[in-house]
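Thanks for coming, everyone. Please have the sequence and the structure open while I talk.

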Amino acid sequence: MANVEEIQCGSMLFRQEELREMSGVNVGGGYVEVMCGCTSHRYGDAIAKLRVFPNGNLEITCECTPGCDEDKLTPAAFEKHSGRETAKKWKNNVWVIVGGEKIPLSKTVLLKYYNEALKKCNRSNRRSQGTKVFHRDEFVGCIECGKERRFRLRSRDECRLHHNAMADPNWKCSDFPYDKITCEAEEERGSRKVYRGCTRSPTCKGCTSCVCFGCELCRFSDCTCQTCVDFTSNVKA
C-alpha cells in the first residue's frame, strides 16, 4: 500500500485541470495512472493502464484480454504487443481518452517528465564527452534489390530512423524515410559512398571520432531490442 508521501508525490505530477477529462485517472504510489490503448486495424483496440513516474519512466499494464499477463511494458513494447501495423511511432499510436476522444500521447501532458528526462540525459552525455557526440553516415540495404541507402545520424530523430531501419529484417527502398523512392532509383556510386561525414578525415573508414558504440543519442529507453535494453540497464547501474 502506498504511503502518504508517495500519494502526495503522485498528486503533484500534474495539475488537476490537466487530467480532469482523462479516463481512468488514478493517483498514488508516486505515479499517475490513466487508461490508454493502441489500435490495430486487424485486432481492434488493445486497452491498458499507463503509469507515469516523476523520473520519466513510463510503464504499461496490458488488459487486452482477461488472461493477458503483460505488465511493466514500455510504450514501444505495448505498441508491438497490440499488433499495431505501423509500429515504431508509439508517441502517436498509443492514445488516452480525453473528453471521450482518443488523443495520442504526444498531444497530452503525460510525456512531460519523459521528455525532460530525455533532455537531461542528452545534456549530461554531451558534458561527459567534452564535445558533441558525432555519428558518421550509415547505409541500410534493401531486402528486395540489395541497393544501399544513406542515413544521416546527426540528431536523435535521425538516429532513431536508422535504428528502426536496421531492426527491420524486411526493410526496403520504399521504407526510406527522407524521400519517396523505389528500387528503380539509382544507388550512390562507390566513389561517393566513401564519404561518410567524419570530421577527422573525409574518407575515414571508421575511427573513434565517428564510430559510436552507444550513447544517449543513438540508444533508446523505449526500444525493446537487446542493444538498447543493455545500454539502458548499464546507464541505470
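**Starting at Leu58**

Leu58 is buried, because its relative accessible area is 9%. Buried means under 20% relative accessible area, exposed means over 50%, and partly exposed is in between, with a 1.4 Å probe and protein chains only. Before we go on, this is a predicted model: local features need pLDDT of at least 70, side-chain atom pairs count only at pLDDT 80 or more, and totals for chains, interfaces and linings use all residues. Residues are numbered from 1 along each chain as its sequence is written, and side-chain values use heavy atoms, with hydrogens and water left out.

Where is Leu58 found? In strand β4. Helices (H or I, at least four residues) and strands (E, at least two) are DSSP runs, numbered from the N terminus. Strand β4 covers residues 58–62. Its covered face holds Leu58, Ile60 and Cys62. Glu59 and Thr61 make up the uncovered face. In a regular strand, side chains alternate between the two faces of the sheet.

What does Leu58 touch? Contact means heavy atoms within 4.5 Å. Set aside its neighbours within four places in sequence, and the contacts of Leu58 include Leu50, Leu73, Trp90, Leu110 and Tyr114.

**The partner strand**

Strand β3, residues 44–52, runs antiparallel to β4, and five bridges join them. Two strands pair if DSSP finds at least two bridges between them. Leu50 stands opposite Ile60 in β4. The hairpin of β3 and β4 has five residues between the strands, and there Gly56 takes a positive phi near 100°.

In soluble globular proteins, nonpolar side chains tend to be buried together.

**Rings**

The structure holds seven aromatic pairs. Rings of Phe, Tyr and Trp (its six-membered ring) pair if their centres lie within 6.5 Å; planes under 30 degrees apart count as stacked, over 60 as edge-to-face and the rest as tilted. Take Trp90 and Tyr114. Their ring centres are 5.4 Å apart and their planes are at 85°, so this pair is edge-to-face. Trp90 is in helix α4 (residues 90–93) and Tyr114 is in helix α5, so the pair ties together parts 24 residues apart in sequence. Both Trp90 and Tyr114 are buried.

Phe151 and Phe176 also form an edge-to-face pair, at 5.5 Å centre to centre and 85° between the planes. Phe151, Trp171, Phe176 and Tyr178 form one aromatic cluster.

**Cysteines**

How many disulfides does a search of the whole structure find? A disulfide is a pair of cysteine sulfur atoms within 2.5 Å. Cys68 is in none; its nearest cysteine sulfur, in Cys64, is 3.8 Å away. Cys68 is buried, because its relative accessibility is 19%.
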